[in-house]
Amino acid sequence: ITGTIMNQPFFLHQYAKDFEAFCENVRNWDLEYHQLENGHFKSELLLFGDDNTQFTHASIKRMMKQHGSSPQGLMTFGILANPSIKIHWRNIDITGDMLFVFPENGELNSVTQSDFDVYVISLNEETINQACEKRKLPEIKTLIGTDEAFNCSSTHITELRRWLQSTATTLTTIESTVRNKDFLRHIQQAAIEHLLDILSQQHYPVTRNRVRKRDTALLRAEKHIHRSKAGIITLSELCDASNVSERTLEYAFHERYGMSPKTYILNHRLNSVHKQLRSADPETGLVSRIAHQHGFWHMGKFSSDYKRLFTEKPSQTLKQHR
């Protein structure tokens with residue numbers, strides 16, 4: 001991990017093997033992740049910026065449920081690093097040739113697969129509008145409107161992606177003294193120019209997915225699961241809370257997450273244990289006590305399920321992450 005140098009913009013480049021550590025280090029973002037796919041969590045995170053501009057590159061190699069919000073006070077734009085990637089974000093299916101705009105004070109609420117790889121630029125609105133004025137363009141929020149994702153010119157999207165990739169490579173290879181305020185200002189101005197090249201041309205808003213009965217049921221089910229402190233929920237109880245049949249609920253979870261409601265509930269409880277184990281004192285924290293708090297009473301089965309999801313024993317999480 002490379003940290004901040006005095007009198008320079010903050011800089012971080014890390015490879016994290018724990019999603020809680022990843023979330024803790026993403027500066028200015030408020031993030032919470034739940035791992036839904038079995039296996040080692042692997043990620044790469046690159047950050048460079050200050051209070052007015054932030055360049056972010058994040059790559060994650062496990063299916064995750066993401067909650068949280070983007071940097072406060074800044075306008076934040078995202079583009080997937082590879083045209084073949086897809087994510088489900090705020091009830092919009094985002095593909096590689098779309099530009100998406102994070103809502104101010106809005107919930108991320110996304111599901112990403114094991115190929116997740118994204119570039120994100122956060123910018124001061126006033127600085128963008130100054131560039132808009134020079135180009136004789138409307139202010140940025142007028143250009144964007146109320147939409148959050150756009151199909152844009154593939155040529156300009158490709159140019160933006162190449163610039164982002166080149167910038168990320170430069171940031172990780174240059175001398176630390178070069179990563180200064182002047183270099184950040186250069187990134188800021190180049191990012192604005194690329195974004196305005198895209199938004200000043202024809203761009204077409206992406207319509208949110210139509211909310212179907214099973215989508216509403218899934219949302220209700222997830223809220224019920226997250227409100228349950230111990231996480232001990234029967235399928236019958238979940239169907240009652242969602243007001244749908246077991247078949248509809250099964251279909252909704254398989255469509256969105258590729259798993260049954262029962263498996264989703266189990267993974268949610270295991271994630272809750274994982275989070276608590278990371279923050280517990282290894283000298284006084286007891287794995288069994290924490291497991292019991294989340295409704296796990298058969299310790300052999302619990303340990304097996306935990307290791308299946310996170311590829312480490314609960315005791316290892318307790319000892320390693322303090």
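Let's start with lysine 141 and glutamate 125, which form a salt bridge with their closest N and O atoms 3.3 Å apart. A salt bridge here is a side-chain nitrogen of Lys or Arg within 4 Å of a carboxyl oxygen of Asp or Glu. The pair links distant parts of the chain, 16 residues apart: lysine 141 belongs to helix α3 (residues 140-144) and glutamate 125 to helix α2 (residues 125-134). Helices (H or I, at least four residues) and strands (E, at least two) are DSSP runs, numbered from the N terminus.

The cut-offs are under 20% relative accessible area for buried, over 50% for exposed, and partly exposed in between (1.4 Å probe, protein chains only).

A quick note on the source: this is a predicted model, where local features need pLDDT of at least 70 and side-chain atom pairs count only at pLDDT 80 or more, while totals for chains, interfaces and linings use all residues. Residues are numbered from 1 along each chain as its sequence is written, and side-chain values use heavy atoms, with hydrogens and water left out.

## More charged pairs

Side chains of opposite charge can pair when their charged atoms come close. By the salt-bridge rule, the count comes to 16. One of them joins aspartate 97 and arginine 161, at 3.8 Å from N to O. These two sit 64 residues apart, with aspartate 97 in the loop between β8 (92-95) and β9 (98-102) and arginine 161 in helix α4 (residues 154-173). Aspartate 97 is partly exposed at 31%, whereas arginine 161 counts as buried at 5%.

Aspartate 305 and lysine 301 make a salt bridge too, at 2.8 Å between the closest N and O atoms. Both are in helix α11 (residues 299-310), 4 residues apart, or about one turn of the helix. Here aspartate 305 is buried at 10%, while lysine 301 is partly exposed at 47%. There is also a network of salt bridges linking Arg212, Arg214, Asp215, Glu255 and Arg256.

## Strands β7 and β8

Strand β7 (residues 86-89) pairs with β8 in the antiparallel sense, over 4 bridges; strands pair if DSSP finds at least two bridges between them. Isoleucine 87 stands opposite isoleucine 94 in β8. The hairpin has 2 residues between the strands, and arginine 90 takes a positive phi near 55° in this hairpin.

In a regular strand the side chains alternate between the two faces of the sheet.

## Nonpolar cores

Ile94 turns up again in the largest nonpolar core, which has 45 residues; Phe22, Ile94 and Phe100 have the most contacts inside it. A nonpolar core means buried Ala, Val, Leu, Ile, Met, Phe, Trp, Tyr and Cys residues joined through side-chain atoms within 4.5 Å. Apart from that core lies another, of 37 residues, including Phe11, Cys132, Phe150 and Phe183.

## The whole protein

Zooming out, the protein has 12 helices and 13 strands. Its C-alpha atoms fill a box of roughly 65 × 45 × 30 Å along the principal axes. Buried residues make up 52% of the 322 residues.
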